[in-house]
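Dear colleague,

Please find below the structure for your review. My notes on what was found in it follow directly after.

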Amino acid sequence: MNQAILDGFEQTSAHLACPLCKQPLALAGTSLRCTSGHCFDLARQGYVNLLPGAKQQKNYDLASFENRHVILDGGFYAHVLEGVTSAVVEALQASAAGDADRREEDSHVPVILDAGCGEGYYAQHLTNAVDAQIMATDISKESIQLAAKNDPERRVRWLVGDLANLPLRNQSVDIVLDIFSPANYAEFRRVLRPRGVLIKVVPGSQHLAELRERAKDQLRSESYSNERIKTHLQESGFTVVSQVRTVRTSPLSPDELEALIGMTPLLFNADHAAIDRAGIDHITIDAEIIVAVQEHC
């Protein structure tokens, strides 16, 4: 087993909890174990499956995540990454400036969780921008395997886990990222420390407008009301402190167009063959980055 993998999970185990009994997990050899005897082996690729027996979700297969990798690697979401990175840096700076007790804890390293990380694009890039322990979880084992494969330096702790039952201890995380992913606010509140930060990214009104226009007959009427999202956040115990919109329209090749059609949840239930691709040579990526702070429990 790669020593970097062992060292990384040795550090991260202080934040992990058994998904079966909620007891703390600790590294023992090349496995994570709890006091109840549950055991989860580390994979040599650099991840651990904390959701054994989970079935592969429809539409979230390896091909979907490989298509995502093509689009993300092509820079189409680079402006979203820049916005998320800025939000993370600002949240860490605000936390350090406002928490006198934490400043005295010289050994404290902030913990960031990318919940619903997919193939790991955002978590992987954040390792270059912040000094923090970064964990990333997704219910898809194939996405986590791809993420670990693309992280040769083993800088992220990759976890197969369920958003509805995060394998983390209570109040163990400083920042949760929820980027174009479903949310479970009760679980986010449980794992976040008091005054912890949730950074949520949702589509803006012009997101994938070129594709939505061509597939409009197959799509449900969608609302991109961030007011509704903010209301839900507040009802769930969070206070929205900032909201930033980032939009970019970029040229794309026919191959990139096919990858985009194959990856976006917008078209999961659409007939891809029926979409008129003629003349689509650019695409708009529109995102709202919402930063919210958890109120004291």
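**Findings**

Arg157 lies over the face of Phe9, 5.6 Å from the ring centre; a charge sits over a ring if NZ of Lys or CZ of Arg is within 6 Å of the ring centre and within 35 degrees of the ring normal. Please note that this is a predicted model, in which local features need pLDDT of at least 70 and side-chain atom pairs count only at pLDDT 80 or more, while totals for chains, interfaces and linings use all residues. Residues are numbered from 1 along each chain as its sequence is written, and side-chain values use heavy atoms, with hydrogens and water left out.

**Aromatic pairs**

Rings of Phe, Tyr and Trp (its six-membered ring) pair if their centres lie within 6.5 Å; planes under 30 degrees apart count as stacked, over 60 as edge-to-face and the rest as tilted. By this rule there are four aromatic pairs. One of them joins Tyr121 and Tyr122 edge-to-face, at 4.8 Å centre to centre and with 85 degrees between the planes. Tyr121 counts as buried because its relative accessibility is 8%, and Tyr122 is buried with a relative accessible area of 6%. Here buried means under 20% relative accessible area, exposed over 50% and partly exposed in between (1.4 Å probe, protein chains only).

Tyr185 and Phe188 also form an edge-to-face pair, at 6.2 Å centre to centre and 75 degrees between the planes. Both residues lie in helix 7 (residues 185-191), three residues apart, about one turn of the helix. Tyr185 and Phe188 are both buried, and together with Phe238 they form one aromatic cluster.

**The chain as a whole**

The secondary structure comes to ten helices and eleven strands; helices (H or I, at least four residues) and strands (E, at least two) are DSSP runs, numbered from the N terminus. The radius of gyration of the chain is 19 Å, close to the 19 Å that the globule rule gives for 297 residues, so the chain is as compact as a globular protein of that length. This radius is taken over C-alpha atoms, and the globule rule is 2.2 Å times the number of residues to the power 0.38. Buried residues make up 49% of the 297 residues.

**Helix 10**

In helix 10 (residues 254-263), the residues Leu257, Ala259, Leu260, Ile261 and Met263 are buried. The buried residues of this helix pack against helix 2 (62-73), helix 8 (209-214) and strand 11 (282-294), where contact means heavy atoms within 4.5 Å.

Yours sincerely
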